Amino acid sequence: MAASGEKSEQGIQHIEYKSIEKFGRIADKLKRVHTLREDHPTEFAFTGTIKLHGTNMSVCFNELHGFYIQGRHGIVNQDRFDGFGFGTFVKTSGREKEFMRLFDAIKAAHKIDTTIYTIVIYGEWCGGNIQRHVALEKLDKRFVIFDARIKPIVEKEPIANPDEEYHFNKDDEKVWLDIDMRDESGKCIISCFEKNIFNINDFKLFQYTVNVRDLQTAEDDMMQLTAEVDTACPFAQAFGVDGVGEGIVWKCRYDDGRRWVFKTKGGSHMPSRRAPRVKTDKKDLTPFYEFIDKVFQQDRFDQAVDQLYRYMPE
């Protein structure tokens, strides 16, 4: 088993999980790739997982730096930035040991040399007071794994090894790993329910085949599924809690190593696209307040304040 603990604080990489694109951007890419290659398929099978409304956190391991924790924008240092309690969560109740077990499972399954690569396990830190106005606030805080990747410890262009079970996308040095590995009971092994570490693939999944020749129908159908999540979060329902969800994250892998990923959000989480022009006078401010209610959503304001407080606490 790999050793835990931080061996060095110098040269630790922050390996960001970038924002997920919306369907429109992916649709444009699908059309462009299909146009450039006559043999390219016209249909792509996507699997959707529940999009949770929390904050993005991750744990990392390599042999040089050991085990460390990340937020979306930086390394978690409990003295200055505890990641809304995520740092304390990881370091207590034996969870760091459990995360090391998960790293070992990923390392063995994908034949990863952690003297060369950093393994990153990404998840949503959610529940409690992390985000408001969603069903998850009725649950205790938990970490829900939704993705994993590797990256070379030393910055250089990696070379794919055809004998290994993972390979690099030639257009992106990030390598995304399968975390939907299951035991004999059908449960994802990259999880630990007893420690409030879950795998999003253990919860409701959605299947949809996108036809490049009829993208509007695809978008309409997926938004209908998303509306159901928006009304009642399936993840929260699995724990006996009803309330608003956020949306769905859709993923599709295909033969040349590419991975399409996009998100669809429910109406309660959709920002207004166009700000209306309003006229006000000193006597009647009703149009002004209507403008504020329409354009400035409470959850986005809360998120902005939260990010400012976390990364600039002083």
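Reader: How many residues does helix 3 have, and how far does it reach from first C-alpha to last?
Author: Helix 3 has 16 residues and reaches 23 Å from its first C-alpha to its last. That is close to the 22 Å expected at 1.5 Å a residue. The expected span is 1.5 Å times one less than the number of residues. Helices (H or I, at least four residues) and strands (E, at least two) are DSSP runs, numbered from the N terminus.

Reader: What kind of model is this, and which pLDDT limits apply?
Author: This is a predicted model: local features need pLDDT of at least 70, side-chain atom pairs count only at pLDDT 80 or more, and totals for chains, interfaces and linings use all residues. Residues are numbered from 1 along each chain as its sequence is written, and side-chain values use heavy atoms, with hydrogens and water left out.

Reader: Back to helix 3. Which of its residues are buried?
Author: Arg95, Glu96, Glu98, Phe99, Met100, Leu102, Phe103, Asp104, Ile106 and His110. Buried means under 20% relative accessible area, exposed over 50%, partly exposed in between (1.4 Å probe, protein chains only).

Reader: What do they pack against?
Author: Strand 2 (55-62), strand 3 (66-71), helix 2 (86-91), strand 4 (117-126), strand 5 (142-152) and strand 7. Contact here means heavy atoms within 4.5 Å.

Reader: What happens just after helix 3?
Author: Lysine 111 takes a positive phi of about 55° there.

Reader: How many salt bridges does the count come to?
Author: The count comes to 13 salt bridges.

Reader: Which pair links distant parts of the chain?
Author: One is arginine 182 with aspartate 202, whose side chains meet at 3.4 Å, N to O. Arginine 182 is in the loop between strand 6 (175-176) and strand 7 (197-199), and aspartate 202 is in the loop between strand 7 and strand 8 (205-211), 20 residues apart. Arginine 182 is partly exposed at 37%. Aspartate 202 is partly exposed too, at 22%.

Reader: Which residues do shared partners join into a network?
Author: Glu21, Arg25 and Lys29 form one network of salt bridges. Within it, arginine 25 meets glutamate 21 at 3.5 Å, N to O.

Reader: New topic. Which residues touch the most other members of the largest nonpolar core?
Author: Ile50, Leu52, Phe235 and Trp260, out of 47 residues. Helix 1 (residues 23-36) gives the largest share, five residues. A nonpolar core is a set of buried Ala, Val, Leu, Ile, Met, Phe, Trp, Tyr and Cys residues joined through side-chain atoms within 4.5 Å.

Reader: What other core lies apart from it?
Author: One of 32 residues, among them Val59, Phe89, Phe99 and Val175.

Reader: And what does phenylalanine 235 touch?
Author: Ile50, Leu52, Leu136, Leu139, Arg142, Val144, Ile200 and Phe203, not counting residues up to four places away in sequence.

Reader: How many helices and strands in the protein?
Author: Seven helices and ten strands. Buried residues make up 46% of its 314 residues.

Conventions. Salt bridge = Lys/Arg side-chain N within 4 Å of Asp/Glu carboxyl O.
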